[in-house]
Structures are given as structure tokens and as C-alpha cells.
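User: I would like to learn how to read surface and strand features from a model. Can you take me through some cases?

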Amino acid sequence: MIDLFSKFDPLIEMRETLLESGVTDPFNLVMERVESPTVAICNGKRTILLGTYNYMGMTFDPDVVAAGKQALDEFGSGTTGSRVLNGTYVGHKAVEQALKDFYAMDHAMVFSTGYQANLGIISTIAGKDDYIVLDIDSHASIYDGCKMGDAQIVPFRHNDIEALEKRLKRIPEGAGKLVVLEGVYSMLGDIAPLKEMVAVSKANGAMVLVDEAHSMGFIGEHGRGVAEAQGIIDDVDFIIGTFSKSVGTVGGFCVSNHPKFEILRLVCRPYVFTASLPPSVVATAATSIHKLMDSADKRAHLWENSKRLHAGLRQLGFQLGTDEPQSAIIAVIMPDLETGAAMWEALLKEGLYVNLARPPATPAGMTLLRCSLCALHTGDQVGEILGMFAAAGRATGCID
Ligand SMILES: Cc1ncc(COP(=O)(O)O)c(C=O)c1O
């Protein structure tokens with residue numbers, strides 16, 4: 001018998017080597033209590049949360065929580081069914097209407113996760129004989145959607161407009177083409193030059209899908225994302241998003257103005273062959289989305305937080321993923337996994353949680369400490385965070 005687990009041996013060895021160094025397992029942290037979108041208790045200690053993607057801090061919003069409780073009372077704990085059978089309640093229609101209002105688009109389709117939204121939409125619209133041209137740093141759910149649909153996959157260098165154009169021009173005449181981009185790339189927190197990329201895609205006859213998972217609620221005048229901020233949202237064919245970041249719960253979606261969009265409800269397997277979201281979840285999401293429409297002050301405060309953290313970390317001597325803050329994600333580049341894990345642990349002991357990211361999830365084999373800010377981080381908390389980075393950075397030799 002061939003042990004099917006032998007392919008994991010290199011990863012098992014890497015993990016054992018890391019843990020033998022005595023470091024706390026960075027991928028096994030337990031939140032013992034969560035007090036607010038910015039504070040939890042971990043290992044019995046008050047810990048500031050700086051790695052949750054809870055950008056707009058909606059998880060404890062009183063209206064959001066009340067809507068969830070009411071739906072739980074009125075509709076029960078789950079639908080136990082697919083959207084196309086018994087799993088569409090009024091709440092599912094209401095959250096899709098909230099998305100149509102939020103994006104000012106004709107159609108919205110809600111999935112059980114953002115992962116499934118990418119998997120479903122990409123695999124259904126781009127099949128065998130079609131071409132998908134995608135940024136090489138695309139999220140795993142995008143790659144998995146490409147594989148599932150069996151289209152020809154053509155990756156191009158990260159954020160490189162010329163490379164995208166070259167790839168598009170090489171595709172055989174008459175083939176279906178889908179360009180897949182992200183508004184914010186979550187590893188380094190950099191944004192895409194969507195305006196130029198969408199223009200190049202359209203000039204070469206491609207449809208465009210943009211995943212705005214990390215920009216919804218925050219970037220753009222109405223929080224519609226990078227496509228809105230760059231003035232080209234009407235040229236984008238499909239926007240994918242998630243409820244697991246700014247919206248503050250779980251779920252995923254696609255919005256579009258395509259006139260035939262609704263047919264996807266019958267042919268998209270990750271939509272049809274799975275149970276729909278619980279009523280409490282869609283109620284919290286709809287309430288949150290409505291409130292995000294009217295959150296300009298929070299967006300402004302989140303930008304302030306992002307700029308201050310970026311400037312402060314730079315001043316301390318850390319190497320960052322972008323020269324300027326481009327989103328609510330600030331990535332601190334670590335020299336290697338061992339140092340990254342030591343710094344992660346030192347920060348946790350100081351009372352700060354960030355995400356440790358390592359290859360293969362990261363670009364160019366980097367180890368990163370990814371910080372994601374929240375609109376509810378106070379000025380004092382950002383000050384505390386910088387103090388903790390200074391102390392942990394000196395203790396681990398990352399900075400002088
Ligand atoms: C760019 C991007 N797309 C999609 C997803 C999937 O979202 P969800 O958590 O709703 O499955 C993520 C989540 O990490 C993401 O970063």
C-alpha cells in the first residue's frame with residue numbers, strides 16, 4: 001500500500017522543526033473570549049486584534065446582532081436545504097436586494113462562502129475551450145474555480161498591465177475569455193491598476209471578474225471597492241465578494257448587470273448542491289450591508305488608522321509590503337519563517353494578534369506578519385500596537 005499521506009511529509013517536517021524550536025504554534029491559537037471587534041482574550045490575556053479582516057467592525061454592531069437574534073427566533077437555526085429547493089427564505093431575498101442596492105447593480109447571487117462564490121461563478125462561466133487570464137497572485141478560491149471549470153489557465157505577472165495585454169493577444173481568435181482580478185491583494189495589501197487592466201481586457205474582447213473581498217465596505221466613495229474608487233465599476237462584468245470581512249459574518253456573493261445572470265442559479269453547482277446560509281446569518285448580513293452604505297466617517301477613520309500604522313512601522317525600521325498604505329492591510333516582511341514565528345509569538349505575549357503568513361500562500365516565498373486594521377481601532381490602540389511592535393521587534397532582533 002502506498003501511504004497517501006506521504007506527500008505531506010515535507011510540510012510535517014517543516015512544522016515539527018518549527019515547533020521543536022519551542023515557539024507557540026502560530027496556526028492553533030484559540031480565542032477564549034471575544035470582547036469586541038478589536039479585543040479578545042487569548043491565553044488568559046487581553047489581546048488587541050490586528051489580524052481579523054473585520055475592517056468595518058460590524059461583528060458586535062447592536063443592530064446586526066439584534067437582527068440575527070430575531071431571525072433565529074422567527075426562522076430557526078438553519079434552512080437544511082439548497083437555494084433551489086427549500087433553502088430560499090425571505091431573508092435570502094432581502095440580503096440579495098441589499099447587495100443590489102449597495103452596488104447599484106441588477107443582479108445578486110448569495111453563496112454559502114466567498115470561496116464557493118469564486119468556485120461557482122468562475123467554473124460555471126468559463127469552461128472547457130474558454131480561457132481564463134488571471135493575476136499569478138490570485139486567491140486559492142480563484143485557482144480552484146479555474147480548475148473546476150476545466151478552462152485553459154493563463155497566469156500573468158502580478159499587477160503587470162503589459163503582461164496581461166500580451167497574454168490576451170495570444171489567445172486564439174473566437175475563444176471565450178475571462179480576466180480575473182482582485183481589487184486588493186490580501187498578502188501585501190496592494191491594490192490592482194484596475195482602470196488600465198479593465199480597459200486592456202475590454203479592448204481584447206474579454207469579460208472581467210473582480211474579487212473585491214478586501215475592499216468592500218472600505219474602499220471607494222460608497223465602499224463598493226477598488227473598481228468604484230478607480231471609476232470603472234460599470235465596465236466590470238462580475239464582482240465577487242464575501243460577508244466574512246467588512247460585513248462581519250459568513251457568506252459570499254456575486255453581483256452583475258449581465259442580462260442572463262439569473263440562469264446561473266440553475267447551473268452553478270456550488271450554489272445548487274449545498275445548503276443555503278442560516279436565516280440568522282443572512283439577517284445579520286443584510287443589516288450590516290445597509291449600515292455600510294452610510295459609513296463614510298468609519299471609512300475615513302480606517303484610512304487614518306492605516307496611514308498611521310504604516311508610517312509608524314516604517315519609522316521603527318520594519319520592511320513593509322507597500323511603499324504607501326493602499327488598503328487596510330499592512331504586511332510586515334520577515335526575513336524567514338523562524339524569525340516570523342518568533343516575532344508573531346513575541347507580539348502575542350505583548351498582547352497583539354496578527355496573522356502569520358508563509359509560502360505557498362505568500363508571493364515570492366515571503367514570510368509575512370499581516371496586519372489588518374479595523375475602523376473601530378481607536379487612536380490609543382494604534383499607539384499601543386506600535387509600542388508592542390517596537391518591543392517585540394527589539395526582543396527578536398528584527399529592528400535595532
Ligand atoms: C480574495 C479573496 N477571495 C475570496 C475569499 C474567500 O472568502 P470566504 O472567507 O467568504 O470564503 C477570500 C478569503 O480569504 C479572499 O481573500
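Analyst: Start with one residue. This is a predicted model. Glu-16 has a relative accessible area of 46%, so it counts as partly exposed. Glu-16 lies in helix 1, residues 9–20.

User: Which residues form the negative surface patch?

Analyst: A patch takes in residues with over 30% relative accessible area and no salt bridge. Here Asp-3, Asp-9, Glu-13, Glu-16 and Glu-20 make up a negative one.

User: How many residues of strand 11 are buried?

Analyst: Buried means under 20% relative accessible area. In strand 11 (residues 238–242), 5 of the 5 residues are buried, so the strand is largely enclosed by the rest of the structure.

User: What covers the question of its two faces?

Analyst: In a regular strand, side chains alternate between the two faces of the sheet. On one side of strand 11 sit Phe-238, Ile-240 and Thr-242, and on the other Ile-239 and Gly-241; all are buried, and both faces are covered.

User: Which strands pair with strand 11?

Analyst: Strand 10 (residues 207–211) pairs with strand 11 in the parallel sense, over 3 bridges. Leu-209 stands opposite Phe-238 there. Strand 12 (residues 252–256) runs antiparallel to strand 11, joined by 5 bridges. Ile-239 faces Val-255 in that pairing.

User: What is the strand order in the open sheet of 4 strands?

Analyst: The order is 1-2-3-14, with mixed pairing. Strand 1 (33–34) and strand 14 (352–353) are the edge strands, and each pairs on one side only. Strand 14 runs parallel to strand 3 (residues 45–49), with 2 bridges between them. Ile-48 has Leu-352 of strand 14 as its bridge partner.

How values were computed. Residues numbered from 1 in each chain as written. Predicted model: local features only at pLDDT ≥ 70, side-chain atom pairs only at ≥ 80, totals over all residues. Heavy atoms only, no water. Patch = residues over 30% accessible without salt bridge, like charges linked within 9 Å, V, L, I, M, F, W, Y side chains within 5 Å. Areas by Shrake-Rupley, 256 points an atom, 1.4 Å probe, with all protein chains shown as cover. Salt bridge = Lys/Arg side-chain N within 4 Å of Asp/Glu carboxyl O. Lys, Arg positive; Asp, Glu negative; His and termini not counted. Charge placed at Lys NZ, Arg CZ, Asp CG, Glu CD. Buried < 20%, exposed > 50% of the residue type's maximum accessible area, 1.4 Å probe, protein only. Pairing = 2+ DSSP bridges.
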